[in-house]
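This report covers a pocket, a set of salt bridges and a surface patch. Please keep the sequence and structure in view while reading.

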Amino acid sequence: MGTTTVAGCASMLMLCYLATWGSRYGWRGAAGALADVLASGLALTLLWADWDSFDGDTVGRLFGVSVVAALTLAQVCLLAVLAARRTSLGMLLWSTVALAVLLAAVVGGLILGVDADEGTVRFIGIVAILDVLGTLVTIALGVFGRDEKSLTVTLTPRVAARLRARSLEIGVPVTALVDEAIARYWGLSADRP
């Protein structure tokens, strides 16, 4: 049961990292995948190894830090993929990422043995609440919100089919391809995800 749980959790996180594949955020996905593999390997070690043969405290701490890193990078990948194209969300997006990194650093420090008092626990609670709120709002606005500067254009079925095929072929969203093509036509730079 434990091995199945580890594999399932690792797979879910890997999907978050793969969402960045082929985008400018791909390096975050690659870093997350490495943290995920490390956390999964350590989890399996903790599940199946003979505890007398290694220092369980060190492995446990390394496992905890790698899990925190893997989860934080999954969150950052989803935020980047779902909201980075919306320039109006820039401040909300990057402040949420900063909160996630701060929370990961504090929790990682606690796992490594840094002493915590009541103020630290309250600080973690406040940062965690702001992080969750920022994540929910950023993703909701990134997926369902509309920029006041956005424009909807209807393409002919033939052009739309070719555009969808190209999007699947290279793994770039259709909207990014259209934005890039129009920007190239006008001699502008396109912000490709």
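## Second largest pocket

The second largest pocket holds about 180 Å³ of space. Of its 13 lining residues, Val6, Cys9, Ala10, Phe63 and Val67 are the closest to its centre. A pocket here is an open set of points on a 1 Å grid over the protein atoms alone, with protein on both sides within 12 Å along at least five of seven lines; lining residues have an atom within 4 Å of a point.

At least two lining residues come from each of helix H1 (2-18), helix H2 (26-48) and helix H3 (56-83). H1 gives the most, with 5 residues. Helices are DSSP runs (H or I, at least four residues) numbered from the N terminus. By residue type, the lining divides into 10 nonpolar, 2 polar and 1 charged.

## Basis of the model

The model is predicted: local features need pLDDT of at least 70 and side-chain atom pairs count only at pLDDT 80 or more, while totals for chains, interfaces and linings use all residues. Residues are numbered from 1 along each chain as its sequence is written, and side-chain values use heavy atoms, with hydrogens and water left out.

## Salt bridges

The count comes to 4 salt bridges, each defined as a side-chain nitrogen of Lys or Arg within 4 Å of a carboxyl oxygen of Asp or Glu. One of them joins Arg61 and Asp57 at 3.2 Å, N to O. These two residues are 4 residues apart in helix H3, so about one helical turn separates them. Arg61 is partly exposed, at 28% relative accessibility; the classes are buried under 20% relative accessible area, exposed over 50% and partly exposed in between (1.4 Å probe, protein chains only).

In helix H5, Arg122 and Glu118 are 4 residues apart, about one turn of the helix, and their side chains form a salt bridge of 2.7 Å, N to O. Arg122 is exposed at 54%, and Glu118 is exposed at 52%. Arg166 and Glu169 also form a salt bridge, at 2.7 Å, N to O; they lie 3 residues apart in helix H6. Arg166 is partly exposed at 41%, whereas Glu169 is exposed at 59%.

## Nonpolar surface patch

Val153, Leu155, Val159, Val174, Val178, Ile182, Tyr185, Trp186 and Leu188 make a nonpolar surface patch of about 910 Å². Patch residues have over 30% relative accessible area and no salt bridge, and nonpolar side chains are joined within 5 Å.

Helix H7 (residues 174-186) gives the largest share of the patch, 5 residues. Val153 lies in the loop between helix H5 (118-144) and helix H6 (157-170). With 56% relative accessibility, Val153 counts as exposed.

Key: Patches are made of residues with over 30% relative accessible area and no salt bridge: like charges are joined within 9 Å, nonpolar side chains (Val, Leu, Ile, Met, Phe, Trp, Tyr) within 5 Å. Accessible areas come from the Shrake-Rupley method with a 1.4 Å probe; for residues, only the protein chains shown count as cover. On a 1 Å grid over the protein atoms alone, a cavity is a set of points where a 1.4 Å probe fits but cannot get out, and a pocket is an open set with protein on both sides within 12 Å along at least five of seven lines; lining residues have an atom within 4 Å of a point. Grid points are joined across faces, edges and corners, and a volume is the space filled by probe spheres set on the points. Ala, Val, Leu, Ile, Met, Phe, Trp, Tyr, Cys and Pro count as nonpolar, Asp, Glu, Lys and Arg as charged, and the others, Gly among them, as polar.
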